[in-house]
Each structure stands twice: as C-alpha cells, then as structure tokens.
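Subject: Handover of a structure and notes on its contents

Dear colleague,

Please find below the structure that I am handing over to you.

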Amino acid sequence: MLGFSHFARVSLVHASRPIQTSFIRQLPSRSTRFFAEGPSPNLTKPTVPLEPRPTSHFLRRSLLVAKYTSYLVLSATAGVLALGAGIFIHDAFTYTDKHVNRVPVSPLALHPERGGPKNLPVVNALLTDEEDEEFRKLNEKPKLVIVGGGWGAVSVLQNLSPGEYHVTVVAAETFTTFTPLLPSAAVGTVQVRSLIEPMRKIIARLRGQMICGKATDLVMSERLLEVETVTSDGKSQRIYIPYDKLVIAVGSVSSTHGIRGLEHCFQLKTISDAQAIRRRIQDNFETASLPTTTPEERKRLLSFVVCGGGPTGVETAAEIYDFCQEDIANYYPKICREEVSIHVIQSREHILNTYSEVISKYAEEKFRRDEVDLITSARVQSVHPDHVVYTVRAPDGTITEHNVPTNFVLWSTGIAMNPLTKRISSLLPNQCHKKAIEVDAHLRVKGAPLGDVYAIGDCATVETSLVSHLLELVDEADKDKNGKIDFDEFDFMVSRIKQRIPMAESHLKKVRMLFDMYDSDADNSLSLNELCKLLEEIGNKITALPATAQVAAQQGKYLGKKLGKLAAKREVLEANCIKDMDEAVSGPFRYKHLGSLAYIGNAAVFDLGQLSITGGLIAMYAWRSVYWSEQVSARTRALLMIDWIIRGVWGRDLSRL
C-alpha cells in the first residue's frame with residue numbers, strides 16, 4: 001500500500017504540470033514493471049525523456065543551401081524565360097503593315113520660292129508641315145533653327161517642351177556622338193554604334209524636322225541661314241532657311257599652329273576619325289606580323305605618336321597601351337608587343353595641365369610605370385609620312401631637335417574656329433576673338449540683333465572684358481551726373497557688373513578694398529581713368545570657360561529652358577514693349593563646374609575642384625559609371641554596357657572594318 005500511495009502522490013504532482021508526451025508514452029511500461037517487480041528505490045526521481053538522435057549540422061546547412069540555391073536558379077530561369085517571351089511578343093507586334101496614302105504636302109515645300117541676297121530657294125515650308133493637325137499648329141509657331149548636332153544642340157533639344165517652336169535642326173551628320181568615348185572606339189573597346197544616337201529620334205519628341213547639310217553663311221538682316229546640301233548625283237546646292245531664333249552650336253576644329261605636314265596626322269573629333277584610326281592601328285600590327293617586315297620597319301610601324309597632352313591625347317595613349325597589353329600580347333606574335341612604343345609630346349611642362357597638380361603628377365607616374373614616353377616642354381616642328389620632328393627646351397634654355405620614326409600620329413593640340421563661326425565673326429564689327437564667337441552672359445551673339453542669334457559650346461566664348469561696358473556702367477551708376485563714381489555708386493556698379501558678367505563675381509567680393517585701391521588721388525571717388533584701369537585689370541583676371549562637353553551641355557540646358565520661357569511669355573512681353581526679353585525672363589548663364597575626369601589605362605583620375613581622386617580599377621569603374629549615366633538614351637546605355645561586358649569576356653574585336 002505504501003508503494004501504491006507514493007505512486008499516487010507522484011501522479012498528482014505531475015498532473016499539475018503540462019503533461020509531456022514522452023512521459024505518457026513511457027507510463028504504461030513503468031506501471032507494468034511496478035506491479036510485476038514491486039516498488040523501485042529511484043521512483044521518486046523524474047525520468048529523463050529520450051531525445052531523438054540529432055541530425056548532422058553540416059547536412060542540415062547543406063540542405064538549406066541547396067534549397068535556396070534551387071529557389072534562386074528556378075526564379076532566375078523563370079525570369080529569363082519571362083523576359084525572353086516578352087521580347088519575342090513585343091518583336092512580333094513590331095511587324096506591322098503601315099499604309100501611307102495621300103499625305104498632304106505644302107506646294108511651297110515642293111517648289112520653294114527664291115529670294116535673299118543670292119536669289120537661292122527659300123525653304124519657308126518643309127515636307128512634313130502639312131502631315132497632320134499637330135504639324136499644322138507647329139507651323140504657326142516661331143521658327144527655331146539649331147545648327148549642329150553636338151552636346152550643346154542636343155541639350156537644347158532635350159530641355160525644350162513640345163509645341164513651343166517650329167524646330168528645324170541643320171547638321172552635317174544624321175546622328176549625335178558621345179565624343180568622350182571616341183578614344184575607346186578607336187581601339188575597339190566599344191563599338192562606334194554604341195556612341196551615336198540618330199538626331200531624328202531626338203527631335204521626334206518635339207515633332208521637329210531635320211535638314212542634312214552644312215551651314216555656310218548668315219543673312220541677319222533678313223533672318224536667313226544659308227545651307228549647303230548634296231543632291232542625289234553628288235552635286236552641292238545651296239538653300240536659305242528662314243528663322244525667328246537661331247542657335248549656333250557647330251563646335252570647333254583642331255588648331256594647326258602653322259605646323260607643316262598635318263595632312264599626315266589623324267584627329268579624333270568624329271566617328272569617322274575613330275574608324276580611320278582603328279583601321280590604321282590594325283594595319284600596322286598586321287604588317288608588323290609579316291615575316292618579311294624588317295626590324296627597322298617593324299619598330300616604325302609599332303611607334304605611336306600623340307601630339308598633345310590634354311584629355312583626348314592622354315586617353316588615346318592609354319587606350320592604345322591597354323589594347324597592346326590585353327589583346328595584342330594574346331593574339332599577335334609577342335615580338336610585336338615588345339616593339340611597341342607610345343610617345344606623348346606636350347608643349348607644357350606637364351600633361352593634363354588644366355587639372356590639379358596631384359592628378360597631373362599621378363598620370364605622369366602611371367605613364368612612366370607603363371613605359372609610355374612622355375616628352376614635355378616640346379614643340380612639334382613638322383610631321384612627315386614616316387617620322388615626326390620636334391624640339392625640346394632644356395631648363396637652361398637650350399633647344400635640341402629630335403625625330404621619332406612612326407606610322408601613326410594623332411594631332412590633338414587645341415581648337416580653332418569652325419568655317420561658319422569664322423564667317424559670322426567677320427560679319428560683325430565687334431567680334432575680335434580668334435578662336436570663337438564672343439557672346440554675352442545670356443549667350444547672345446554680340447553685334448547680332450538682340451535676341452535673334454545665340455551661340456553655345458566650343459564655337460562660342462562668353463565675354464570677359466569689362467572695359468567695353470565702361471560707358472554704359474557709368475551712365476547707369478552716376479546718379480548725380482558729375483562724371484565721377486563715389487563709393488555708393490561704385491557699389492551699385494558692382495551689382496550691375498555681376499549681372500552682366502557673372503564670372504567676375506569672385507574678383508569683386510571686397511568692394512571697399514577695390515575702391516580704395518584704385519582711388520589713387522584719395523578723393524573718395526573714381527574718375528573714368530581710374531575706373532578704366534580697375535575694370536581692365538579685373539577683366540584680365542577672369543578665366544574664359546573651357547571648351548568642354550560639360551560647358552556645352554550646361555549652356556544648352558540653360559538656353560533650352562530660357563527659350564521655353566520666352567515662348568510662354570512672348571505675347572505679354574510684346575504687349576508691354578519690353579526690348580530685352582532675355583533679361584526679363586531669365587538671369588545670366590552661370591557655369592557650375594562639376595569636375596573633370598580622364599582615363600589613363602585601367603585607372604582614372606577625377607578633378608572635383610577642392611577634391612582630387614586618383615585610383616586604379618575602382619576609379620576606372622567610377623569613370624565608366626559617370627559616362628554611362630551621361631548617355632543620350634537608354635539604347636546607347638544598353639549597347640555600351642554590352643560592349644564593356646564583351647571586352648571583359650572575349651576581348652576587343654580585332655577585325656578591320
């Protein structure tokens with residue numbers, strides 16, 4: 001009985017707790033043993049439940065990894081299949097038959113009237129002006145003619161709103177080119193198709209029109225642009241295109257500096273230039289690979305000379321070096337790689353001299369490690385079919401002459417006027433700049449009718465002279481008309497200078513100090529002579545904007561937005577008889593430097609003003625990211641990404657096309 005009562009107490013205690021399944025499963029066997037064998041001395045101790053044998057930790061992790069890997073593979077496969085199916089379905093719907101019947105065409109478009117100083121056909125109507133209702137409405141809008149297809153012109157087009165202007169683009173090429181990557185295209189790192197976007201696709205958003213031709217002259221009095229086009233039989237013909245507003249964005253050409261033999265050089269400004277360079281490089285390596293080529297001739301063929309140490313020259317030299325390291329060494333006789341020599345001739349003491357000193361030195365050290373021959377403080381004297389002659393000035397002032405045997409010379413040493421800008425500059429009496437058309441802070445061509453003609457990009461330079469505005473500034477600031485400017489009047493004058501020439505702001509911060517410095521007779525006023533000296537010295541300190549894609553893009557963005565405002569407020573401005581409409585709707589153009597970058601061979605450098613970044617592959621990928629994001633369209637972004645992937649997996653294309 002004692003044993004049974006003890007068992008009952010234990011059962012009651014366990015009944016007050018959650019019943020464990022394992023204990024219940026074991027209870028019948030224990031009861032059987034109790035009645036068969038009698039009480040056990042260890043019955044008061046709870047029995048430890050039996051645990052199942054644990055699964056191996058490694059096996060469990062392997063199963064988990066396998067499960068999620070299978071999920072990933074299946075989802076990726078499903079995604080690829082869905083994407084492929086979507087592409088095929090979209091492609092199937094693109095094969096449609098579009099029937100075009102009885103398209104209305106203006107009689108003036110088919111048979112233009114003649115006029116102008118040269119009695120040429122005046123294109124008052126184009127073939128698409130009557131196609132639909134939207135085109136007919138645009139035909140009543142002001143005529144905006146944009147000359148050029150580069151960074152500036154495209155930026156204007158991208159920042160205009162549809163329906164504001166009847167837009168006509170005049171360009172020699174039917175596409176726009178992403179010029180910063182031309183050195184990459186010259187060696188096959190990217191394909192030329194990845195760098196171009198058809199102009200007609202860009203202007204389609206604005207329902208704009210395009211004329212493939214070259215602008216040659218301008219009749220400002222009649223608002224006519226003379227354009228040279230080519231007929232089907234190859235002959236040239238000239239026409240007039242009327243305009244209400246004209247934007248000149250034709251870029252520039254390379255400066256010759258009077259050097260003889262530049263017809264033997266390559267330039268790198270267009271797609272055709274990149275294709276010609278690529279063919280020459282391929283030809284040189286193929287000829288150098290022949291067993292009949294002499295050692296001297298092989299060295300000459302594999303000698304590459306770059307004249308100019310700016311971004312274009314440096315990047316081209318870097319791309320040629322990468323091409324030799326990554327592809328020539330793998331697919332051509334190794335003696336070809338051994339005989340390659342790359343020479344960069346720079347007139348200044350350092351390459352990339354417009355960048356910070358840190359970046360310039362880093363690029364020079366990188367080139368020296370790569371055994372690229374840097375020839376600084378040198379000037380090219382002449383270029384011959386088989387060699388280049390140059391002189392080097394030593395620190396002591398002595399000049400020595402050298403020559404480099406070569407079969408490839410790239411000329412990249414500054415810019416000069418495009419023929420159209422040279423013609424326009426000659427038409428205007430106050431245009432004295434030697435490299436570009438001078439424009440005011442609103443990007444209007446100086447000397448042209450106010451608000452009619454604008455110029456942006458490499459073909460234009462924003463005025464930096466303050467002296468030319470002296471009389472106007474004095475007339476505005478001299479409130480008491482005594483012929484002298486006191487401090488309050490000078491303070492007002494400074495505000496007007498900042499509005500006219502924003503680039504002078506950094507030199508006009510300490511107004512009181514400037515006033516006291518040039519008040520030579522200490523009469524607390526500035527005479528005309530003192531003012532003239534002050535404005536002249538400040539003007540000499542102002543640095544002109546560089547001829548870069550970044551400047552052209554910002555100018556195009558500014559001008560596109562301003563033209564939109566002018567179109568929206570035109571009726572109100574005309575009703576109020578406002579003469580300077582540009583100033584009424586917008587402030588002057590202000591350039592914001594976002595930094596400069598350059599590729600130097602599996603490495604890149606960034607000049608961000610206060611910050612300079614140099615580095616290897618990480619910087620190179622950052623450089624690629626910047627250029628990828630600056631592409632004109634999603635199409636070119638996709639093509640560019642594919643080109644970089646192909647280069648990494650299969651190398652560059654070695655075909656000669």
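This is a predicted model: local features need pLDDT of at least 70, side-chain atom pairs count only at pLDDT 80 or more; totals for chains, interfaces and linings use all residues.

Aromatic rings

A pair of aromatic rings is described by the distance of the centres and the angle of the planes. Searching the whole structure gives 13 aromatic pairs. One of them joins tyrosine 68 and tyrosine 71, whose ring centres are 5.9 Å apart with 90° between the planes, an edge-to-face arrangement. Both tyrosines belong to helix H3 (residues 57-94), where they are three residues apart, about one turn of the helix.

Phenylalanine 490 and phenylalanine 515 form a tilted pair, with 5.7 Å from centre to centre and 50° between the planes. Phenylalanine 490 is in helix H16 (residues 487-500) and phenylalanine 515 is in helix H17 (residues 511-518), so this pair ties together parts that are 25 residues apart in sequence.

Charges over rings

Arginine 512 lies over the face of phenylalanine 487, 4.3 Å from the ring centre. The charged end of arginine 637 is placed over the ring of tryptophan 628, at 5.9 Å from its centre.

A hairpin

Strand E24 (residues 596-599) is covered on both faces: Ser596 and Ala598 on one side are buried, as are Leu597 and Tyr599 on the other. Strand E25 (residues 604-607) runs antiparallel to E24, and four bridges join them. Tyrosine 599 has alanine 604 in E25 as its bridge partner. The two strands, E24 and E25, form a hairpin with four residues between them, and glycine 601 in the turn has a positive phi of about 95°.

Annotated spans

An unreviewed UniProt entry lists residues 465-500 and 506-541 as "domain: EF-hand". Residues 465-500 are 61% helix and 0% strand, with end C-alpha atoms 11 Å apart. For residues 506-541, the figures are 61% helix and 0% strand, and the end C-alpha atoms lie 10 Å apart.

Yours sincerely,
A colleague

Key. Residues are numbered from 1 along each chain as its sequence is written. Side-chain values use heavy atoms; hydrogens and water are left out. Buried means under 20% relative accessible area, exposed over 50%, partly exposed in between (1.4 Å probe, protein chains only). Two strands pair if DSSP finds at least two bridges between them. Rings of Phe, Tyr and Trp (its six-membered ring) pair if their centres lie within 6.5 Å; planes under 30 degrees apart count as stacked, over 60 as edge-to-face and the rest as tilted. A charge sits over a ring if NZ of Lys or CZ of Arg is within 6 Å of the ring centre and within 35 degrees of the ring normal. UniProt positions are given in the numbering used here, feature names are shortened, and annotations may be inferred rather than shown by experiment.
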